[in-house]
Amino acid sequence: MEQQQHQQIRKYLDLFVRWKGFIVAAILISLPAGLAVYLTTPKVYQSTSLLSYQQQSVNPSQSKLSPDMASAIRDVVSTLSQMVTSRTNLENVITTLDLYPEMRQKLPMEDVVDLMRKDIEIEPSKQGDIFQIRFSGSQPDKVVKVTNALAAKFIEENLKYREERATETSAYASDELEMAKTVMDRKEAVMRDYKLKHYNELPEQRQTNVERLIGLQEQYQAKQESIQDLEKTMILIQDQISNRRKMIAQTDLLTADGTTRGGAAQQDIAVSPADRLVQLRALLKSLEIKYTENHPEIKRTKRQIARLEQDLATGRVQPDGGLTGSSAQSQGTSDPVILQLETQLKSIQLSIRNINEEKEGLRKTIAQYEEWVAAAPVREAEWSALTREYGELKRHYDLLVSSDLQAKSMLNLEKRQKGSQFKIVDSARFPEKPIKPDFVKIVGIALFCGLGLGFGVPLVWDFLDPSFRDLNDIEAYLGVPVLCTIPLIETEREQTWCRRKLQLGLLAAVVAFAAIAVLYAYCWRRGLIVV
C-alpha cells in the first residue's frame with residue numbers, strides 16, 4: 001500500500017515537473033489579468049455621515065404622548081428613512097446635484113430613483129441613539145454632497161414629522177375633551193336636578209334626618225308634658241277662684257241675715273255649677289291623657305258633665321248656684337284676687353292653645369321627616385343607578401384634561417424646536433479611496449484562477465493522455481508482468497540543451513515577474529491602485 005502511494009506521489013510530481021513552464025506561465029498571466037480587471041472596473045466611493053438622536057432636554061410632564069415615549073430610536077429612524085428616501089425627495093436631490101446623467105437618458109426617473117435607493121444605506125447602531133447614513137457613487141465630490149444632503153433632510157423631516165404628530169395629537173385630545181365635557185355637563189345637570197328635587201331624601205341626609213326626627217319627637221313629648229302641667233295649674237287656679245267666690249258668698253250672707261243657713265244652703269253655695277262644669281272638663285282632659293275611653297273614671301266624669309250641662313240648659317240651676325246674675329257679677333268682678341286669678345287662667349289657656357298649635361306644627365314636621373327617612377332606600381337605589389357611569393366618566397374626563405394639557409405642552413415644545421432632534425456628529429468627508437473594487441480581493445481571485453488553471457490543465461491532460469508512463473499502468477493494462485524496463489538515456493548534447501532551456505525559462509520567469517512588479521509599482525505610484 002505504501003509503495004503504491006509513493007508511486008502515485010512520484011507520478012504527480014513528475015507530471016507537475018513536466019508542466020512547470022505552463023504553471024508558471026498561468027501564474028504570470030493571472031497577475032496582469034487581475035490588475036487589468038481592477039483598473040477597468042468602475043470605482044465606487046462611499047461617504048458616511050454620523051447622526052445622533054438627542055432626547056429632548058425639556059420634558060415638563062414626561063408625557064406619554066411624547067414621540068420619545070411612543071417609539072424607540074429604531075422605529076423613528078425607520079419611519080424617517082421612508083420619508084427621506086421617498087421619490088419626491090430623491091428626485092429633488094438627483095435633479096439638484098445632477099446625479100446619474102447617463103442613467104436618466106436611458107431609464108425613466110422611477111428606475112433611477114430605485115437605483116439611488118440601493119446606493120443609500122441607513123444603519124442604526126445596536127447600542128445608543130446613533131446611526132449612520134452612507135451613500136455610494138462613482139464621483140467622490142457628489143458622494144459627499146449627497147450624503148450631507150441626506151443628513152440635512154433627516155433633520156428637516158424629523159422636525160416636520162414631530163410637529164405634525166404633536167399637532168394631530170393635540171387636535172385629537174382637544175376634540176375628545178370637548179366631547180367628554182359635553183357628556184359630563186349633561187350628566188351633571190341631570191344629577192343636579194335630581195339632588196335639588198330629592199335633597200332631603202338622599203342617603204347622605206338619612207342620619208341627619210333621623211337625628212332631627214328624634215329631636216322633634218322629644219320636643220313633641222316636651223310640649224305634651226308642658227300642656228299637662230299647665231292644665232294642672234289651670235285646675236288649681238280654678239279651685240282657688242271657686243274657693244274665693246265661696247268665701248265672698250259666705251261673707252255676704254252673714255252680713256245680710258246675721259245668721260248662717262243650714263247644711264243644705266252651705267252645700268248649694270259651696271261651688272257654683274259653672275265652676276263645677278269647668279272643673280269636670282279639666283279633670284276629663286287630664287284623665288284622657290292617662291287612661292283610655294273605657295276607663296270607669298272617664299265614663300263617670302263624662303256622665304257628670306252631661307248631667308250638669310243638661311241642668312244648666314233646662315234652667316234647673318243657675319250658673320252661679322242660685323244667686324241672681326247681678327249679684328254674681330258684682331261679686332266676681334269686685335274682688336281683685338279673683339280678677340288676678342282669672343287673668344292667670346286666661347294666660348294659661350292662651351299658652352295651652354299656643355302649645356297645641358306648636359304641637360300640630362311639630363306633628364306635621366315629624367310626619368315629613370318620617371316620610372324622608374322612609375324614602376331614603378328608594379332614593380339610594382335611584383341615585384346609584386343615576387351615578388353608576390359618572391365615576392368612570394369623571395376618570396375619563398380627568399385623563400383627557402391631563403392628556404390635552406400634555407399635548408399642548410408638547411406642541412409648544414415642538415414648535416420651539418426644543419424636542420428630541422437629530423444632530424450631525426460627524427459630517428460626510430471626501431472619500432480618499434474607493435470601497436469598490438477591492439484590489440487585494442481581485443488580485444487574490446486572479447492568482448487563484450491562475451493556480452487553478454496551471455494545475456488543473458495538467459491533471460485533465462494526464463487523465464485524457466492514453467500513453468503509459470509507469471510500470472504498474474502497463475502491467476494493469478496488459479495483464480502480464482513486465483520483465484524489464486529500459487531507462488531513457490540522453491546524450492550530452494541533449495542534457496546541455498535541457499539545462500539551457502531550464503535556464504532560459506527561469507530567466508524568462510524572473511524577467512516576467514520583474515516586469516509585473518514594475519507595472520504594479522507604476523500603477524501604485526500613479527494612484528491607480530488603492531489598498
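Tutor: Begin with contact, which means heavy atoms within 4.5 Å. Lysine 142 shows the idea: Leu97, Asp98 and Leu99 touch it, not counting residues up to four places away in sequence. Before going on, note that this is a predicted model, where local features need pLDDT of at least 70, side-chain atom pairs count only at pLDDT 80 or more, and totals for chains, interfaces and linings use all residues. Residues are numbered from 1 along each chain as its sequence is written, and side-chain values use heavy atoms, with hydrogens and water left out.

Student: Where is lysine 142, and how far is its C-alpha atom from that of leucine 99?

Tutor: Lysine 142 sits in helix α8 (residues 140–197). Its C-alpha atom and that of leucine 99 are separated by 7.8 Å.

Student: How are helices and strands picked out and numbered?

Tutor: They are DSSP runs, numbered from the N terminus: helices are H or I with at least four residues, strands are E with at least two. This chain has 18 helices and four strands.

Student: What does "buried" mean, and how much of the chain is buried?

Tutor: Buried means under 20% relative accessible area, exposed means over 50%, and partly exposed lies in between (1.4 Å probe, protein chains only). Of the 531 residues here, 30% count as buried. Lysine 142 is one case, with a relative accessible area of 19%.

Student: What is the accessible surface of the chain?

Tutor: Such areas come from the Shrake-Rupley method with a 1.4 Å probe; for residues, only the protein chains shown count as cover. For the chain the total is about 34,700 Å². Carbon and sulfur atoms hold 56% of that.

Student: What share of the contacts joins residues 24 or more positions apart?

Tutor: Take the contacts with a separation of 6 or more. Residues 24 or more positions apart account for 79% of them.

Student: How do I check the length of a helix?

Tutor: Helix α2 (residues 20–40) has 21 residues and reaches 30 Å from its first C-alpha to its last, close to the 30 Å expected. Helix α18 (residues 492–525) has 34 residues and should span 50 Å. Its end C-alpha atoms are 49 Å apart, which agrees.

Student: How do I describe two packed helices?

Tutor: Give the angle between their axes and the distance between the axes. Axes are lines fitted to C-alpha atoms, for helices over the stretch in contact, and angles run from 0 to 180 degrees between N-to-C directions. The axes of α5 (residues 87–97) and α7 (residues 109–119) come within 10 Å and cross at roughly 90°. These helices are therefore roughly perpendicular to each other. The cut-offs: under 35 degrees is roughly parallel, over 145 roughly antiparallel, 65 to 115 roughly perpendicular, and the rest oblique. Among the residues that meet are Leu90 and Ile94 in α5, and Val112 and Met116 in α7.

Student: What about strands: when do two of them pair?

Tutor: They pair if DSSP finds at least two bridges between them. Strand β2 (residues 120–124) and β3 (residues 130–137) pair in the antiparallel sense over five bridges. Proline 124 has phenylalanine 131 as its bridge partner in β3. Six of the eight residues of β3 are buried.

Student: And what surrounds serine 47?

Tutor: Serine 47 belongs to strand β1 (residues 45–54). It is buried, at 2% relative accessible area. Its contacts include Ile133, Phe135, Val144 and Ala428.

Technical notes
The expected span of a helix is 1.5 Å times one less than its number of residues.
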